[in-house]
Amino acid sequence: MRIGYSVETVRAAERALMARLPEGALMQRAAAGLAAACADLLGRVYGRRVVLLVGSGDNGGDALYAGARLARRGAGVAAVLLAPDRAHPGGLAALRRAGGSVVRTDAAEAAIDRADLVVDGIVGIGGKGGLRPEAAPLAERAARSRAAVVAVDLPSGVEADSGEVLGEAVRADLTVTFGTYKPGLLIDPAREHAGTVRLVDIGLGPELPDEPELEVLQHTDVAGLLPLPTAESDKYRRGVVGVAAGSARYPGAAVLAVAGALRGGAGAVRYVGPARREVIARFPETLVSDQGPRKAGRVQAWVVGPGAGDDAATVAEVLETDVPVLIDADGLRLADRDAVRARTAPTLMTPHAGEAAALLGTTREEVEGSRLSSVRELAARYRATVLLKGSTTLVADPDGGPVRVNPTGTPWLATAGSGDVLSGLAGSLLAAGLTARDAGSVAAYLHGLAGRLAARGAPVGAHEVAEAVPEAWRDVRGRTGE
């Protein structure tokens, strides 16, 4: 599992570690890791041209010391000092001793144009509000040049704690981060600026608290959460999920939600709604009912809302049950907030950015630009676990704790009905006994992986994504040796 911590937590850990180390040792560790990553990217160091964009903070010092290491290996290294009077003195002296030079800012763009590598050491994790006017043109020039761009700790101009981008920011090909991941490296839109992220161990781990700000599940974590049948399992013990979805206008939503539930491992699916004929035609194993949720039979969880139209009565009926409930799509609009907040059984809400914006009374752009704060606020308002879909899907619990970040998303999932498949998949995991947080996180992981496997670089629809879920399941278990 990858984990991320806030700026305040990282700084406290750094202070504690520096108190036990010789002066400058921590920066030397960071610079050594940065130089090694730059050398790997260059392939051959001798004779390569490297430009350092150096600000006034410790990031600038890291860049200067790393530049000195590259210069000693034969690279031509030039530093552009954006705050000459406040450049790190030890790092600057080390660069000059190694044969590096300082380039005037009026010659910086020409130097960038000739460079093989540009190192972004402009602003550290405390930077706010985007790049300053003197730095923005250099970042733009680097992005348009042939040079690879390496960011020190995180791309300058992005918000480290939130993943927001509030102004101009560096776009890196590689970000070399120290000690731990920062939220801005894991959450869009800042994540898009980071490129590939390489974590350098500088000994910070023992100083960090047990509970991080963010968690990113990996194959081993997901494999450990997957509900596997045992010798004593039957269709009821594996979990029965109820699906209340679809309408005369949107019967396909019901079919896709049922597909997600069946492919997600549910022992049985009970369907309630007007799309019974379409569901049975596609999945004859489905148990259908025309009596409403109360009389549909026993279930371990409900999925309500996909394609439901204006059927508020069914949504309200499902919310009155005492089993876990997943609310999606039209159900999010129709669900009474007080009814959701009053529930004692787990509730998982799965909005996309537009639906989240409507629930929060804001704009889609605001939600997409501040995904972390939006998912936390929505979870607190509804006292429910919230899975905020998007380029980086986030899962937050109402009582706080680490927010889960899904790493497997793909743009190929931006297709009609994909969210319905996710709802059914997550519902099957709720019925199998996973917590709302784990069900949402595992479902998002498998859903994203299924999208990748189904697409493999070519367009696919939601049906193909659903059919690829078992392959994603096998991929997760196969890579962990199970």
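This is a predicted model: local features need pLDDT of at least 70, side-chain atom pairs count only at pLDDT 80 or more; totals for chains, interfaces and linings use all residues.
View B. The strands follow the order β4-β3-β2-β5-β6-β7-β8, with parallel pairing. At the edges are β4 (101–103) and β8 (196–200), each of which pairs on one side only, and the twist from one strand to the next averages 25°. Within this sheet, β2 (residues 49–54) is joined to β3 (residues 76–81) by 6 bridges, the two strands running parallel, and Leu53 stands opposite Val80 in β3. Helix α3 (residues 58–72) lies across β2, β3, β5 (117–121), β6 (148–152) and β7 (174–178), and runs at about 165° to β2.

View C. In α4 (residues 89–97), the buried residues are Gly91, Leu92, Ala94 and Leu95. Seen down the helix axis, the buried residues fall within an arc of 160°, and therefore they line one face of α4. These buried residues pack against β2, α3, β3 and β4, whereas Pro89 and Arg97, on the other side of the helix, are exposed. Just after α4 comes Gly99, which takes a positive phi of about 100°.

**View D. The surroundings of Lys182.** Lys182 is found in the loop between β7 and α7 (190–194). With a relative accessible area of 0%, Lys182 is classed as buried, because that class covers values under 20%. Its side chain makes a polar contact with the side chain of Thr177 (3.0 Å), and the side chain of Lys182 also reaches the backbone oxygen of Thr180 at 2.9 Å. If neighbours within four places in sequence are left aside, Lys182 is in contact with Tyr5, Val10, Ile125, Asp153, Ala160 and Thr177.

**View E. Helix α18 and the residue that follows.** Helix α18 (residues 436–455) has 20 residues and reaches 28 Å from its first C-alpha to its last, close to the 28 Å expected at 1.5 Å a residue. Of its 20 residues, 18 are buried, so α18 is largely enclosed by the rest of the structure. After the helix comes Arg456, whose phi is positive, near 45°.

**View F. Ala281 in helix α10.** Ala281 lies in α10 (residues 276–282). Its relative accessible area is 67%, and Ala281 therefore counts as exposed, a class that requires a value over 50%. Ala281 and Val255 are 26 residues apart in sequence, and their C-alpha atoms are 9.4 Å apart in space.

Methods: Residues are numbered from 1 along each chain as its sequence is written. Side-chain values use heavy atoms; hydrogens and water are left out. Two strands pair if DSSP finds at least two bridges between them. Helices (H or I, at least four residues) and strands (E, at least two) are DSSP runs, numbered from the N terminus. Axes are lines fitted to C-alpha atoms, for helices over the stretch in contact, and angles run from 0 to 180 degrees between N-to-C directions. Contact means heavy atoms within 4.5 Å. Buried means under 20% relative accessible area, exposed over 50%, partly exposed in between (1.4 Å probe, protein chains only). A polar contact is a pair of N or O atoms within 3.5 Å; within protein, one must be able to donate a hydrogen and the other to accept it, and residues adjacent in sequence count only if both atoms are side-chain atoms. The expected span of a helix is 1.5 Å times one less than its number of residues. The arc is that of the directions from the helix axis to the C-beta atoms.
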